[in-house]
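Here is a short briefing to read alongside the model. Take a look at the structure first, and then we can go through it by topic.

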Amino acid sequence: MRQPLVTEWELLRGVKRLSSEALAEAYDRYSAELYAYAMRQLANPGLAEDCVAETYRRLLDAVQRGKGPRRHLRAYLYRTAHNWIIDNYRRPSTEVLDPANPTEDESAPTPDANLAAEADRARLLVAMEELTADQRQVLMLRFVEDWPLADTAQAMQRSVGAVKALQFRAIQALARAMGVGDQPS
Amino acid sequence: MRTHQDENQEQVVRLLQTLRPVPPRNPEAAAKGRTGFARACQRAALERESAYQRRPQLRVAAMLVGLVLVLVSSTGLAVSASQTALPGDSLYPVKLAAEQVAIALAFGPAARSQKLVDRAYRRAQELDLMAFGGTDRIQDEDLARFERHLAAARQQAHALPPEQARLTEALLQRLQAAEALRQGAVRRLLETTPAGRPEHAGPARDPDPQPPLDPTAPEGQEAEAPGHHRYGPSEAESQEETPSDPPQPPATGADGPPITNTPTAHEPAAGPTAGPTSTGNPSPTRPSTPSGPGAESEPPRPGATGDASGSGNQSPGGP
């Protein structure tokens, strides 16, 4: 049943036709990375799943209305996920540090050794809250997802130059927020 | 020379990369998400299908309009527009009447046989489409009509001379296929729950439809429609959509308004094969006019050219 891998462009065309194979492929191809992207920012598996579900629902809805991505499916999905995250962004600190939190996934318990790492991560996410949404997004895409500049520009619908400038400012802002180097603004 | 800023940047980037590892995704939750999306896609596909199957609101008035159109049917537009009509649509009587005209004008028993068989097959296709769209759409009258058309076609096929045995064979096979199609439709009718029928109250069908969003569309329908259900939009169909299911009018003994020229309303003669609903292309069924709006020229089917059919438009029937 697995067909040979189609290009993103062909996949998008199939999606726009509401082809069920294309829609299934679009889900299988990108949902895992979208989940990871959401998890990194929300640190909550339930929310991350909601994010993925809602992202694809919005894609389907847009395509049905004749809208949706014109050329880049993946970037569109990330953009949609990002918008959802902005709307639903919550402080992860309490949830991550509390082992008794029921929203934590029971099948992946946090060993004691990882608690310190979790705490650092929570601090980082809290600091990132002081950034603008765009700054957060550029940092996530460039340094956490490891996307090249061109892809990031697509996802953020900006020029490459604008992304570079944004990235620079975002790093400064985050350094400030975390007290890195104790540099005043 | 490394500046403070360079170092800060590196440190920040390192920190960011601690975000990379993600606890493994819960497979059950992942599967649930996938199923949810699959269902939404099926709903989308179903909405697209059911957008073409609506019962008109003003059926009586529409039937009168159909009658007038047929009587004044030198314009083939109404006739060609009725090609994809289903029982219950306002233009369905027009479709039936056009078939009768075409049958009456077929030259020779072979052509007539062919057109009778095509008509029977078309009835089966309509039943198939209706069963797919919703259970309560198929009426007894529709099944009875199928049986009548099937019987007439079979009778005519058997009456062909022995030198046309091959044609007879092909025709009978096609009738068998029609029977099978009908059986499948009826089976689905019995299997699907009554709640299966989607309720829509959208705008009039337009020739280039975007399927409407319908959150009430049923979950229980078989959504992965087989290939031959994927019918394209029909041009020039303008029908009102309605959520209610108006009752069928009492059978008048004829399939639609009578034509002035045909002998009796029942099964007089063969007619040109109207385009099947599967292609969505309205093929002209006007008896004499060579071409007109909506005329599609398709290569005639192998069986259809076995005789000198007089009608200028030789459109193939069947899928």
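**Surface, fold and interface**

Chain A of this predicted model exposes about 9100 Å², with 49% of that supplied by carbon and sulfur atoms.

**Chain A**
- Nine helices and zero strands are found in chain A, giving the pattern α-α-α-α-α-α-α-α-α along the sequence.
- Of the 185 residues in chain A, 49% are buried.
- Among contacts in chain A with a separation of 6 or more, 64% are between residues 24 or more positions apart.

**A look at A:Arg176**
- A:Arg176 sits in helix H9 of chain A, which covers residues 160-178.
- Because its relative accessibility is 42%, A:Arg176 counts as partly exposed.
- A:Ala127 is 49 residues away from A:Arg176 along the chain, yet their C-alpha atoms are separated by 8.9 Å.

**Where chain B meets chain A**
- The interface brings 33 residues of chain B into contact with 41 residues of chain A.
- About 3400 Å² is buried between the two chains, and carbon and sulfur atoms give 62% of this area.
- B:Leu19, B:Arg25 and B:Phe37 supply 22% of the area that chain B buries against chain A, more than any other three residues.

**Polar and charged links**
- Three salt bridges are found across the interface of chain B and chain A.
- B:Arg25 forms a salt bridge with A:Glu49, where the closest N and O atoms are 2.8 Å apart.
- Eight residue pairs are in polar contact between chain B and chain A.
- The side of chain B that touches chain A has 17 nonpolar, ten polar and six charged residues.

How values were computed
Residues numbered from 1 in each chain as written. Chains lettered and ligands numbered in written order. Predicted model: local features only at pLDDT ≥ 70, side-chain atom pairs only at ≥ 80, totals over all residues. Heavy atoms only, no water. Helix = DSSP H or I, 4+ residues; strand = E, 2+ residues; numbered from the N terminus. Buried < 20%, exposed > 50% of the residue type's maximum accessible area, 1.4 Å probe, protein only. Contact = heavy atoms within 4.5 Å. Areas by Shrake-Rupley, 256 points an atom, 1.4 Å probe, with all protein chains shown as cover. Buried area = accessible area lost by both parts, 1.4 Å probe. Salt bridge = Lys/Arg side-chain N within 4 Å of Asp/Glu carboxyl O. Polar contact = N/O pair within 3.5 Å; in protein donor to acceptor, adjacent residues only side chain to side chain. Nonpolar A, V, L, I, M, F, W, Y, C, P; charged D, E, K, R; others polar.
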